[in-house]
Structures are given as structure tokens and as C-alpha cells.
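Please have a look at the structure before reading on.

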Amino acid sequence: MPRYTPFTPTKLGTNWSAPYSKLVGVGPDWSLVSHLHLTWFLLGFNPTSTKLLRSRGTPLGGEIRIESICLLLQVALPCALFSDGMTILKLKGGTNAEMAPQFDYTTEVFRPLLEKFGATFDYKIIKRGYFPRGGGEVHIRVKPVKQLNPINMVDAGQVVRVWGWAFVAGTLPIKVANTMADSATQALLKALPNIEVSIEAYKERTEEAIGTGSGINIVAETSTGCLLGGSALGKREWKTEEVGVKAVEDLLQSVKTEACVDNYAQDQLILLMALANGKSRVKCGSITLHTETAIHIAQLLTQAKFNIVKEGTSSVIECEGIGLSNG
């Protein structure tokens, strides 16, 4: 089970020091229940707004469907980091969804990367929600920053250990999680002999999860402190042992290119690099389409300058950040 940094409000928003921004989330019926002004950061942050706005201040009408809590957090986080007070997010949707990072990846891989920029968040998982039903709930607390620090991550080092967890929920038995963990361990030791491997198997408690689901998350830690993630969700068309192997294959894509960040982190770092106060350099594998898109949008919004340097099978993303200051 991933490391946990809970906070324990007696009633959300009553025991944290003001000022703080109100809640943002998507309700169980997928209707917008936002109290956070999520306009582009260049237009400012208004903690008292009750509308979700487009980039020019036009309200978003109707409903939005967010199957992944992590994707909603990606939208809210830059605004929250440059708000004028504590931001509390109440996010509802899938915690372990397809076509998006699992929430465990966000806490165990992305959050340590965010901390290199000088920012972080606390979280509490209220309920897990699995694809396709969703229905999970996570509370996030974000403290604002004065500025973001630039980062320099160009030396991947060597993998020294891999750790993670295989899970099941709902009607699935614990032996499914054990099989995923065992197959992943065997595949890792074959590909990366003589490293420490520790993968836990567990079953979510009924009251802490909605729906039936299974999956595995693994994290590789290198000698230089880099964290690379790999994951897979159980599917009916896959044998249980295949799920563990696919998570390992996912991880090894980054290891083989000597990347300092994996493909899922690439695009999530772009806006942070653009806002940071100074030059950032990050070594990754092949540039993903998501990253290309993020760079294009970030340059339009911030005028930050990006450069990509090819190094064999790897790429180094360079960015001269604009040094956005809060306050």
C-alpha cells in the first residue's frame, strides 16, 4: 500500500487556518460542483468564484465528465499553487482509471517531482473508484508558493530498488493480487538482476472502495534519486499474470532510455518548468504527443522558451522559466 499523508479535518474547511479556497469537484452525477475559479493562471485566481471559466472568462455551461481524479487535479494544481491562501480540493471520480495516471502514481511519483520545484500537497483518500464505475473521492490540501524552483534532472543513475503494490477490490479474491505481484517480481528480477524488489499485495476494504477492480503500481528508485513509474489495470481479456508483466514492461521503457522521468511525468512537468524561476533541464525518453502539446500551450500562455536536445534514445527538455511570483 502506498505511503499515506492524511489530514484529518473534523469538518472540511473548519480546522485549517484561513484564508483558504473553497472546494472543487465533480459530483456523483457528473455535474459540476465547483467553487474554484479555474481560469488560466495568467488571469489570476479568485477563491470566491462559483464558476469554472474558460481562458477569457467565459463560464463553462452544462456538465463535464471527469473519469479520472488525477486529470482534474492536473487542471486545479497550478491555480492552487499561485492562490493567495490554502486551497482545499474535494475531487470525485475514478482513482484508478484507464487512459490516465492512477492516483497512486500521482502521490508516489509525481508528488516527489513537484517537491523538487518547492511545492507539495497533502491528501486523503476517502474512497477508491474503479473504471468504469468511478465514484471515488479524494481530498487534497495545497499550500501556495511564492515561486517555483527550477529543476535539473539529467543523470538517471542506476536502478537500486523497485517497490509497489498490487490490489484488488470488490468481488475479486486476494489471490489475484498475489499473482500480479509474483509475476511482476519475477519479470523484474529477470530484467534487473541483483536489485531489491518489494511488491505488496492487498485487498481494499469494502467500505473504502466502489466497484470491482484490480491493478498494480510499481516504482523504480535510482541511485541519483529519480523515481520512475509503471502500472497496469486488470482486464477481462488479460490473464492475471499478464497484468504484472505489463506493468514491468511499462516501467522498463523508461529504464532502458536512461530517463530521469517517465512518459507519464513528462507532460505534467511542462507548465511547472514554464512558471519556475530559472532554467530547468529534464532528461526523458522519446517526447510524447502530450508533451509536445503541453509545450505548445505553455509557450502560448507564458512566453517561456523551450528547447529539446536529442541524446541517442533520450531527450533533454530545457526551459527558461518566467519566474512567476505570487503576490
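## Fold and cores

The secondary structure of this protein comes to 6 helices and 13 strands, taken as DSSP runs of at least four residues (H or I) and at least two (E), numbered from the N terminus. The model is predicted, so to speak of local features takes pLDDT of at least 70 and side-chain atom pairs count only at 80 or more, while totals for chains, interfaces and linings use all residues. Residues are numbered from 1 along each chain as its sequence is written, and side-chain values use heavy atoms, without hydrogens or water.

Strand 5 runs parallel to strand 11 over 2 bridges, and Asn 152 stands opposite Arg 281 of strand 11.

Of the 327 residues, 52% count as buried (under 20% relative accessible area, 1.4 Å probe, protein chains only). Two nonpolar cores, sets of buried Ala, Val, Leu, Ile, Met, Phe, Trp, Tyr and Cys joined through side-chain atoms within 4.5 Å, are listed here:

| Core | Size | Some members |
|---|---|---|
| Largest | 60 residues | Leu 81, Ile 140, Leu 148 |
| Another, apart from it | 25 residues | Val 159, Val 168, Leu 188 |

Leu 148 touches, among others, Phe 82, Phe 117 and Leu 272, a contact being heavy atoms within 4.5 Å.

Notes. Two strands pair if DSSP finds at least two bridges between them. Buried means under 20% relative accessible area, exposed over 50%, partly exposed in between (1.4 Å probe, protein chains only). Lists of a residue's contacts leave out its neighbours within four places in sequence.
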